[in-house]
Amino acid sequence: MDELYMRKALDMANRGFKRNDVPVGCVIVKDGKVIAKAYNTKNIKNCSINHAEVLAIKKACRKLGTWHLDDCTLYVTMEPCLMCCGAIIQSRIKRVVYGASCEKFGYACEVLNSKKNNHRVDVTCGVLVDDCSLILKRFFSNKRG
């Protein structure tokens, strides 16, 4: 099932790619159903916090009418940054599944399972890693020219 939902996250990343934003896509799943999906709009909206994870979390909270996303799994094409990890913890998301690792900004393994947190998140990495990495490489290759 992880690959199925990661493909949906990749569909969202492709939307961002087509709109000339960093192609990161995210879906949130509860009880086997996608309840929220988003892609980065940081460049499109000129807003530094418009990461796919944050936008999807906001949508999921609205849909469920609560900020407690305890029984949800978040699928994202790139390892969450520090800000997104904070939002994931604050939302009490049960599980995070990501594709491509991010050496510069990724914090999932360091932060989401820290003993300092009152909530720990199960993390699965490397799902469809080649596809998730390829779209990012294509995007940044196009930018560099």
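## Basis

Numbering starts at 1 along each chain as its sequence is written, and side-chain values use heavy atoms, without hydrogens or water. In this predicted model, local features need pLDDT of at least 70 and side-chain atom pairs count only at pLDDT 80 or more, while totals for chains, interfaces and linings use all residues.

Five strands form an open sheet in the order β2-β1-β3-β4-β5, with mixed pairing. Its edge strands are β2 (33-39) and β5 (122-125), and each pairs on one side only. On average, neighbouring strands are turned by 15 degrees against each other, direction ignored. Strands and helices here are DSSP runs numbered from the N terminus: E, at least two residues, for strands; H or I, at least four, for helices. Two strands pair if DSSP finds at least two bridges between them.

Strand β4 (residues 95-100) runs parallel to β5, with four bridges. Tyr98 stands opposite Cys125 of β5. Helix α1 (residues 2-18) packs on the sheet and touches β1 (25-30), β2, β3, β4 and β5. The direction of α1 makes about 140 degrees with that of β1. Such angles run from 0 to 180 degrees between N-to-C directions; axes are lines fitted to C-alpha atoms, for helices over the stretch in contact.

## Glu79

Glu79 sits in the loop between β3 (72-78) and α4 (82-91). Glu79 counts as buried because its relative accessibility is 9%. The classes are buried under 20%, exposed over 50% and partly exposed in between (1.4 Å probe, protein chains only).

A polar atom of the Glu79 side chain lies 3.0 Å from the backbone nitrogen of Cys102. Beyond neighbours within four places in sequence, Glu79 is in contact (heavy atoms within 4.5 Å) with residues including Tyr98, Ala100, Cys102 and Tyr107.

## The largest pocket

The volume of the largest pocket is about 670 Å³. A volume is the space filled by probe spheres set on grid points, which are joined across faces, edges and corners. A pocket is an open set of points on a 1 Å grid over the protein atoms alone, where a 1.4 Å probe fits, with protein on both sides within 12 Å along at least five of seven lines; lining residues have an atom within 4 Å of a point.

The lining has 26 residues, and Val22, Met78, Cys102, Phe105 and Phe140 are the closest to the centre. Helix α6 (129-144) supplies at least two lining residues, as does α2 (42-45). The largest share, six residues, comes from α6.

## Gly32

Gly32 lies in the loop between β1 and β2. Gly32 counts as exposed because its relative accessibility is 51%. The C-alpha atoms of Gly32 and Lys143 are 37 Å apart.

Key: Polar contact = N/O pair within 3.5 Å; in protein donor to acceptor, adjacent residues only side chain to side chain.
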